Amino acid sequence: MTTPLTVPDDASDDHEDILYPEAGPFVLLHLASFAAIWTGVTWQAVAICVVLYFLRIFAIGAGYHRYFAHRAYSTSRVFQFILAFLSQTTAQKSTLWWAAKHRHHHQHSDTEQDVHSPRHRGFVYAHLGWIFSTRHRTTDLSKIADFARYPELMLLHKWELTPAVILAAITFLIGGWPGLVVGFVWSTVLVYHGTFSINSLAHVHGRKRYVTGDDSRNNWLLALITMGEGWHNNHHAYQSSVRQGFKWWEVDPTFYILKALSWCGVIWNLKTPPEAVLRNEQRLGSKVIERAAADLAASFPAERIAAALHEALAHAHAPTLADLRDALATAQHKTVDLLAKAHLPSFPTREEVRLRATAMFAKSRSMDDIVERAHRLVLEAVGKRLAAA
């Protein structure tokens, strides 16, 4: 099966079909798991299943994710190809497709442009539905141009299922039909959902140590299942870190293996978070502050606040509703300043916004910036509604 050519990730698509023809093999692979009823389950096949699960979960974390998507370390061209080949034995499309989509995810995490956000499209779509949406069939090679320049990776990109087919044949040669069904099929299905759970569950359940402007969370159970990928909030706080378990007790087997490979000279230039990040003392970027402030502002019902202000000002003397409307109508660019100086009833104060922020977010040195921006966003939203009333 070949991968379609380059199309930007944010290209619009009027067709929101969830399934396209390539979804068939995905469904059939799940159904094939039940063939074990006829092939039987041998200890050899179970051993193959366990080994392949952890080998390929490692390949996804160390290859697809930490190396190709985030360049968290450096390696040789030979080992780069080995990582790509092992990653593609999971049948999760090509290395270039996977990494390009993941880079797009971080660029737009939990916004409407995110390819798999549970917040906007629901759990099922975030878990696996997005993979079969027509808008995500293609690969935006401009997002992964640093690796698309390698002919061998482009070859794997073109023949994306070849590594998986080769591995399936090897399991059959070693363990017969039980080796194929239990060893290959079962482990592939398990790897699917272990990987997908990071896109879905790790943005819904868990704890947030850092303000990241999205819904990423740390989840110890997912970390165990995925060999360290479950420390997702850590990862979103410092994406290029080769280590995702920032604390000593945050188990990250993928990092341990990569560290051992660095001792052998197979990989090098392992990137780690600065001390300021580890201590949660870093200043946040403007993009994260803006997203966090938008989430905070959205927690205040602008429509209801505007309605309450409308009712209160209808019987007020200073300013009257008519005065405020005239001011807003003649000076739209000064809407926020007018509202801020009016000391209006029912409007949340900065201190109330700060209390809400403390409840919503983890500790951050940029909390004052988030509160100030959120307060202004609420003012803007209410001002627009009052002016239109």
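The model is a prediction, so local features need pLDDT of at least 70 and side-chain atom pairs count only at pLDDT 80 or more, while totals for chains, interfaces and linings use all residues. Residues are numbered from 1 along each chain as its sequence is written, and side-chain values use heavy atoms, with hydrogens and water left out.

**Overall picture**

The protein has 20 helices and 2 strands. Of the 389 residues in the protein, 50% are buried. Here, buried means under 20% relative accessible area, exposed means over 50%, and partly exposed is in between, with a 1.4 Å probe and protein chains only. Among contacts with a separation of 6 or more, 75% are between residues 24 or more positions apart; a contact means heavy atoms within 4.5 Å.

**Helix α3 and its two partners**

Two packed helices are described by the angle between their axes and the distance between the axes. The axes are lines fitted to C-alpha atoms, for helices over the stretch in contact, and the angles run from 0 to 180 degrees between N-to-C directions.

| Helix pair | Angle | Axis distance |
|---|---|---|
| α3 and α5 | about 60° | 9 Å |
| α3 and α4 | about 125° | 8 Å |

The angle makes α3 oblique to α4. On this scale, angles under 35 degrees count as roughly parallel, over 145 as roughly antiparallel, 65 to 115 as roughly perpendicular and the rest as oblique. The crossing of α3 and α4 is left-handed; that label applies if the near helix is turned anticlockwise from the far one by less than a right angle, and right-handed applies if clockwise. On the α3 side, the contact includes L55, R56, A59 and I60, and on the α4 side it includes Q80, L83 and A84. The residues of this contact of α3 with α4 divide into 10 nonpolar, 4 polar and 1 charged. For that tally, Ala, Val, Leu, Ile, Met, Phe, Trp, Tyr, Cys and Pro count as nonpolar, Asp, Glu, Lys and Arg as charged, and the others, Gly among them, as polar.

Turning to the other partner, α3 spans residues 43-69 and α5 spans residues 95-107. These two helices are also oblique to each other, and their crossing is right-handed. In α3, I60, Y64, H65, F68 and A69 meet T95, W98, A99, H102 and R103 of α5. The contact of α3 with α5 divides into 6 nonpolar, 3 polar and 1 charged residues.

**Loops on either side of α5**

The loop between α4 (77-88) and α5 holds A91, whose phi is near 60°, a positive value in a residue other than glycine. Q92 lies in the loop between α4 and α5 too. With a relative accessible area of 6%, Q92 is buried. A polar contact of 3.3 Å joins the side chains of Q92 and W98. Such a contact is a pair of N or O atoms within 3.5 Å; within protein, one must be able to donate a hydrogen and the other to accept it, and residues adjacent in sequence count only if both atoms are side-chain atoms. Not counting residues up to four places away in sequence, Q92 touches I60, Y64, W97, W98, V191, Y192, T195 and F196.

D110 is found in the loop between α5 and α6 (118-121). Phi of D110 is near 60°, again positive in a residue other than glycine, and D110 is buried at 3% relative accessible area.

A polar atom of the N219 side chain lies 3.1 Å from the backbone nitrogen of L221. Leaving out residues up to four places away in sequence, N219 touches H205, G206, G230 and W231.

Helix α20 (residues 367-388) contains G383, which is buried with a relative accessible area of 1%. G383 and A306 are 77 residues apart in sequence and 7.8 Å apart in space, C-alpha to C-alpha. Beyond its neighbours within four places in sequence, R373 is in contact with E290, A293 and E380.

Technical notes: Helices (H or I, at least four residues) and strands (E, at least two) are DSSP runs, numbered from the N terminus.
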